[in-house]
Amino acid sequence: MFNLYPDIVTVNQVGKMLGISKSSTYSLLQSNQIRCVRVGRRYIVPKKSVVDFVSGVCYNENQVINGRLNQQSQKGAS
């Protein structure tokens, strides 16, 4: 999965991988739903964290509705 991406990805790359906006990507990173390391103002994201996130979401029926991430269930979990 995501073979074309390097082992460490940028915020923009995470957004492209998931097909979501930059602000949605930042929300996932800031809420620790996708594991990352913050260095100064930059986010360092291991590709494995994105794969783990996708795997977890795919198996949690409460967060996926018709193949789209349910934003309400994310907000309720915070």
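Start at Thr-25. A polar atom of its side chain sits 2.8 Å from the backbone oxygen of Ser-21. Keep in mind that this is a predicted model. Thr-25 belongs to helix α2.

Is Thr-25 buried or exposed? Its relative accessibility is 0%. The cut-off for buried is under 20%, so Thr-25 counts as buried.

What does Thr-25 touch, beyond residues up to four places away in sequence? Val-11, Val-14, Gly-15 and Ile-20.

Follow Val-14 next. Skip its neighbours within four places in sequence. Val-14 is then in contact with Val-9, Thr-25, Ile-34, Val-45 and Val-50.

That takes us to the core. The largest nonpolar core has 13 residues. Which of them touch the most other members? Val-9, Val-14, Leu-29, Ile-34, Val-45 and Val-50. Four elements each supply at least two residues of this core: α1 (11–18), α2 (22–30), β3 and α3 (47–58). As background, nonpolar side chains tend to be buried together in soluble globular proteins.

Now the sheet. Three strands make an open sheet, ordered β1-β3-β2, with antiparallel pairing. The edge strands are β1, residues 8–9, and β2, residues 37–39. Each of these pairs on one side only.

How many bridges join β2 to β3? Three, and the two strands run antiparallel. Strand β3 covers residues 42–46. Within this pairing, Val-37 stands opposite Ile-44 of β3.

One link to close on. Strand β3 pairs with β2 in the sheet, and β3 also supplies at least two residues of the core.

Definitions and conventions:
Residues numbered from 1 in each chain as written. Predicted model: local features only at pLDDT ≥ 70, side-chain atom pairs only at ≥ 80, totals over all residues. Heavy atoms only, no water. Pairing = 2+ DSSP bridges. Core = buried A, V, L, I, M, F, W, Y, C linked by side-chain atoms within 4.5 Å. Buried < 20%, exposed > 50% of the residue type's maximum accessible area, 1.4 Å probe, protein only. Contact = heavy atoms within 4.5 Å. Polar contact = N/O pair within 3.5 Å; in protein donor to acceptor, adjacent residues only side chain to side chain.
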